[in-house]
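Try each task before reading its solution.

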Amino acid sequence: MAILEVQHVSKSFGHTEVLKDISFSLDKGKVLSLIGSSGSGKTTLLRCLNFLERPDGGVIRVNGETLFDAGDRATMKEGEIRRKRLHFGLVFQSFNLFPQYTALQNVMLAKELLEKEKTDYKARKKEIHKQIEAEAGNLLDQMGLSDRMDNYPHQLSGGQCQRVAIARALAMKPDILCFDEPTSALDPELTGEVLKVIKGLADQETTMIIVTHEMAFARDVSSQVIFMDGGRIMEQGTPAEVFENPKEERTKQFLSRFTNQ
Amino acid sequence: MTFAEQFPIVIQALNTGFLQTLKLFFVTLLGAIPLGLIISFGSMSRFKPLSYFTKIVVWIIRGTPLMIQLLIIYFMPGLMGNNIWGGGESGRFLAASIAFIFNYACYFSEIYRGGIQGVPKGQEEAGLVLGMTKSQIFFKVKLLQMVKRIVPPMSNEIITLVKDTSLSRIISLQEVIFAGQSFMKGNMGIAGVIWPLFFTAVYYLIFNGILTVLLGRLEKKLEYFR
Ligand SMILES: Nc1ncnc2c1ncn2[C@@H]1O[C@H](COP(=O)(O)OP(=O)(O)OP(=O)(O)O)[C@@H](O)[C@H]1O
Ligand SMILES: [Mg+2]
């Protein structure tokens, strides 16, 4: 069953239409790679899914629940958006870690603030804190950062920062984890360690949408590929279909830039 | 009178004067720190008329000498037939406080604005996608980063404020320089001596020395992150 359904989503900034009639669906436990040249709207699409931008048209459904429907104002209530956001996680190109917190604190912060709002928090404070700390520790462990938990972001390499950011997103247990060019800000030698971690998540059947320019990685890790061009989905299918047998001329042109390198 | 006889008399007068300097200093900080925040919100407002108005006021206040502002605020009500300040030292202090608070609030507001806008947008977005509320993001994520950004420029302004308090001499507020100067004209049987005026500098130096150390420590404390 599709965990995510996106139907006819459109978005304009002023007079420029940045997303045009975007429709796709994604099954639970699968990985979708979004590829396309600069300015094709990949980031904007991820930002719409994470409620950082509001689409002008279309519907977004997760697990059958309509999170957003441009035709239904009731789906845009400010108070609800926060809860809806938690279906998605987003890992940014530039990490955006909180500099004043250690790696461990970065992973714990949002979860703790969320728990604090529950009525029984005061009584179970210590217990809850311990549990969140243990979970955060496990996540960092999984990211290969068990010896870096008490370091501040400025004491970490870019690759380590990005792995902390991935752990931080995972801590909120999103249904769908989105990545916006997670390795573009990294030196080539640090790219591998981050891709390895994402591959590990794919093997554990984490549902993910990955915007990337790493074509070999996209082919290897994803079960579904979308090629975007000028705000439109030009082509979508399995990696074999899109990479080996692209139907559209634009896709061929785009891919040839990578194979010719 | 010998120097040894003059000394305690002068010190006593300078102490009283410096107490007034300190009072003006702390009252200004206490008023300008929160007022500056309000003004910075005004200048960042998305309601354009408010932001333009605020920016123009800030431009005027920062673009003209504090001394003019002091003179206008102190003398204008009286010249217009309604001396709201009343007479005497307490009236002068009130007028000086208001001029200083308003002037410094305008300077602080620009520093705050830089601090607030200097926190990258990505910080807020990272908080939002993690399900944090705007107020949680402000208090738990952005505030400390803003404070870190504003401490160095605020330290400069605060040190300048210590010295600027002497401008209130122009409306005869009896601060430390007024006290030091009085012994040139003649006061308590001492006249025509310059050393008390030199001595007022010692007060400024010591107080600014203490402030520099304290603010430096605060800056150091925030160095654990970048
Ligand atoms: N906030 C905004 N206001 C106006 N225009 C925007 C805004 N954000 C994005 N755009 C425009 O929308 C288009 C799509 O941008 P987007 O960032 O989604 O592309 P992208 O596919 O992620 O590109 P890249 O590979 O360079 O990251 C671009 O033309 C961009 O200039
Ligand atoms: Mg992008």
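**Exercise 1.** Which helix supplies the largest share of the lining of the largest pocket?

*Solution.* This is a predicted model, where local features need pLDDT of at least 70, side-chain atom pairs count only at pLDDT 80 or more, and totals for chains, interfaces and linings use all residues. Residues are numbered from 1 along each chain as its sequence is written, chains are lettered from A and ligands numbered from 1 in the order in which they are written, and side-chain values use heavy atoms, without hydrogens and water.

Step 1: the largest share, 5 residues, comes from helix 2 of chain A, which spans 78-85.
Step 2: sort the lining by class: 14 nonpolar, 4 polar and 12 charged (Ala, Val, Leu, Ile, Met, Phe, Trp, Tyr, Cys and Pro count as nonpolar, Asp, Glu, Lys and Arg as charged, the others, Gly among them, as polar).

**Exercise 2.** Find which helix gives the most to the lining of the second largest pocket.

*Solution.* Step 1: helix 6 of chain B does, with 9 residues.
Step 1: by class, this lining has 20 nonpolar, 2 polar and no charged residues.

**Exercise 3.** How do helix 4 and helix 6 of chain B run relative to each other, parallel or antiparallel?

*Solution.* Step 1: the axes of helix 4 (residues 88-118) and helix 6 (residues 134-164) of chain B come within 8 Å and cross at roughly 160°.
Step 1: helix 4 of chain B is therefore roughly antiparallel to helix 6 of chain B (angles over 145 degrees count as such).
Step 2: by class, their contact (heavy atoms within 4.5 Å) has 12 nonpolar, 3 polar and 3 charged residues.

Terms used:
Axes are lines fitted to C-alpha atoms, for helices over the stretch in contact, and angles run from 0 to 180 degrees between N-to-C directions. Helices (H or I, at least four residues) and strands (E, at least two) are DSSP runs, numbered from the N terminus. Angles under 35 degrees count as roughly parallel, over 145 as roughly antiparallel, 65 to 115 as roughly perpendicular and the rest as oblique.
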